[in-house]
Amino acid sequence: MSRPDLYHRTDYASDMAKQLLHPSALQLQVRSGVFLSGIRRIGKTTFLRQDLIPALEAMGALVVYVDLWVDRSKSPAVLVHEAVRTTLAQLATPGAGMLARFKGLNVGAAGFTFGFQVDTVGKEGGASLAQVFTELVDKVQTSVVLLVDEVQQSLGTEEGSNLLYGLKAARDAVNTRPGTPGYLLFVGMGSHKSLVTDMATRRSQPFAGAVSTAYEPLGPEFIRWKCEQLQSIAGVKLPAESVMWDGFVALGQRPEELQNALIQLQTRPEPPDVAFPIICTTLASAAAEVELATLENLGTLAQAIFDRIAQGNEAGESGLFSAEALGRYAAQIGMAADPPQVQNMMDRMIAANLIHRQSHGVYAVSDPFVRQVWRQRKALQIPAP
C-alpha cells in the first residue's frame, strides 16, 4: 500500500517494470541484466522499495529484494542466499500471504514444494542458484526479479565473484530455455558509478553485455508535491517553487538535504526567497567537505587531476595523459608526473568514488554537486579543504 507521506514515482516505476517484464524487440537486452547507478542519498532505495517492487508485483512478477548494506558484517553472498531462502520459505509455508498471489495455480494447502531443501540453499551441498531459480520460475509460472541494492558491494572478494557467476549461470539456465514460463531478471542498483557501470561493460565481469544506465533523480514534480504538502501547515515559511527547485539542484537533488534546508528556513529572519539559497549553498558546501577531504588526503597530484576533470566538460574529460596535461600536473605539484603515476592515482580516485569512467579514456566527477562546489571555490580562489 502506498504511503501518502512519501512522494511516489509511479510513472517511472511503471515504465521500468514494463521494460523489464514486457520488453520490446529493441529492449530485450534487459534480460541480460540491468545496472542502475546514482549518487548517494538521492532516493534510490526508497524508489526500489516503495515504487518499483509494487509496480513489478502489480504486473505479475515475483520479486526477491536484498540490500547489501543492510548488514555490513555479512558477505553479499550470505545476504543474497538469505533473501532467496526467505522467499522460498514463504512460498512453502501454509497460509503465507505470498501464496495468495499464486492461488490460480492450484497450489496445495501446504504451499509449494521444491525438489531441494530450502534451508540448504547457499550452503555446501545445497542446490545451486541455477537449480533454485529454474524451479522457482517453473513453480510460480511467471518472471522472477532479483533486485540487489548497493550491488557494487559484491565486488572485490572471491565469494562475491562466485556469487555473481552463480547468478549469471542461473540467468542463463532460466532465460535460454525454449518456452520458459518466465524469466530471471537481475537488477542491480548502486551508488558507485564506475564500479556499477563496469559490472555491465567490462568483459571480465560475469554480467558483461547487460544494460547500464543512470538512475533518474527526482525532478520538478517532486518540488511541486513538496510545496503542496507543506502549504497546509499553518505559519510555515516556504520559498517560491522555482527558488526551492534551484536550491534542491544545488543540494544534489537529495530529499533529506532539502528537508534540512526547509527546517533551517523556519528560524531565519530574512524573506524565504533570500534565505533559502544561502542555506542550500551552505549545506551543499558542508556535504561536499567529506568528499573533498578524501581528495586532500590523496595528495596534490590527485587534486591536480581532479581539478582538470572538474574544470572540463560536464559530460567528461579526456586527454588526462597528454603531454600538456602531464606538464600542468608537474607545474601544480612541483615535480614531474609520468603516466603510470597518473593512472595509479586515478585508480585510487575511482576506488574512492571521486571520479568515474564515462567511456574509454573519458572521466567525470562522480558527484555533480561536489564538482560544482569545487569549481565555485576555485573561482573564488579559496583553497580546497
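**Entry 1: helices α10 and α11**

I looked up how helix α10 (residues 272-298) meets helix α11 (residues 300-311) in this predicted model. Their axes come within 5 Å. They cross at roughly 130 degrees. That makes α10 oblique to α11.

Next I listed the residues in contact. L292, L295, E296 and L298 take part from α10. A302, Q303 and F306 take part from α11. By class I noted five nonpolar residues, one polar and one charged in this contact.

**Entry 2: the sheet**

I traced the strand order. Five strands form an open sheet, ordered β2-β3-β4-β1-β5. The pairing is parallel. Which strands are at the edges? They are β2 (62-67) and β5 (211-214), and each pairs on one side only.

Then I checked one pair in detail. β2 and strand β3 (residues 144-149) run parallel and are joined by six bridges. Within β3, V148 stands opposite V66.

**Entry 3: helices across the sheet**

I asked which strands helix α4 (residues 129-140) lies across. They are β2, β3 and β4. α4 runs at about 130 degrees to β3. I then turned to α5, which lies across β3 and β4. Its angle to β4 is about 145 degrees.

**Entry 4: cavities**

How many cavities of 30 Å³ or more does the structure hold? I found two.

The largest cavity has a volume of about 40 Å³. I read off its lining as F133, L146, L167, R171, L184, F186 and F207. The lining has six nonpolar residues, no polar ones and one charged.

The second largest cavity holds about 30 Å³ of space. Its lining is E291, F306, N353, L354, V365, D367 and V370. Here I noted four nonpolar residues, one polar and two charged. F306 in this lining also belongs to the contact of α10 with α11.

**Entry 5: the largest pocket**

I moved on to open space. The largest pocket has a volume of about 660 Å³. I noted 33 lining residues, with I39, V365, S366, D367 and P368 closest to the centre. V365 and D367 also line the second largest cavity.

Which elements give two or more residues to this lining? I found β6 (355-359), β7 (362-365) and α14 (368-380). The largest share, five residues, comes from α14. By class I have 13 nonpolar, twelve polar and eight charged residues.

**Entry 6: the second largest pocket**

I recorded about 550 Å³ of space in the second largest pocket. It is lined by 24 residues, and those closest to its centre are I42, G43, T46, P255 and E256. At least two lining residues each come from α2 (44-58), α7 (220-231) and α9 (255-265). α2 gives the most, with five residues. The classes come out as ten nonpolar, five polar and nine charged.

Definitions and conventions:
Residues numbered from 1 in each chain as written. Predicted model: local features only at pLDDT ≥ 70, side-chain atom pairs only at ≥ 80, totals over all residues. Heavy atoms only, no water. Axes fitted to C-alpha atoms, helices over the stretch in contact; angles between N-to-C directions. Helix = DSSP H or I, 4+ residues; strand = E, 2+ residues; numbered from the N terminus. Parallel < 35°, antiparallel > 145°, perpendicular 65-115°, else oblique. Contact = heavy atoms within 4.5 Å. Nonpolar A, V, L, I, M, F, W, Y, C, P; charged D, E, K, R; others polar. 1 Å grid on protein atoms, 1.4 Å probe; cavity = no way out; pocket = protein on both sides within 12 Å on 5 of 7 lines; lining within 4 Å. Points joined across faces, edges and corners; volume = space filled by probe spheres on them. Pairing = 2+ DSSP bridges.
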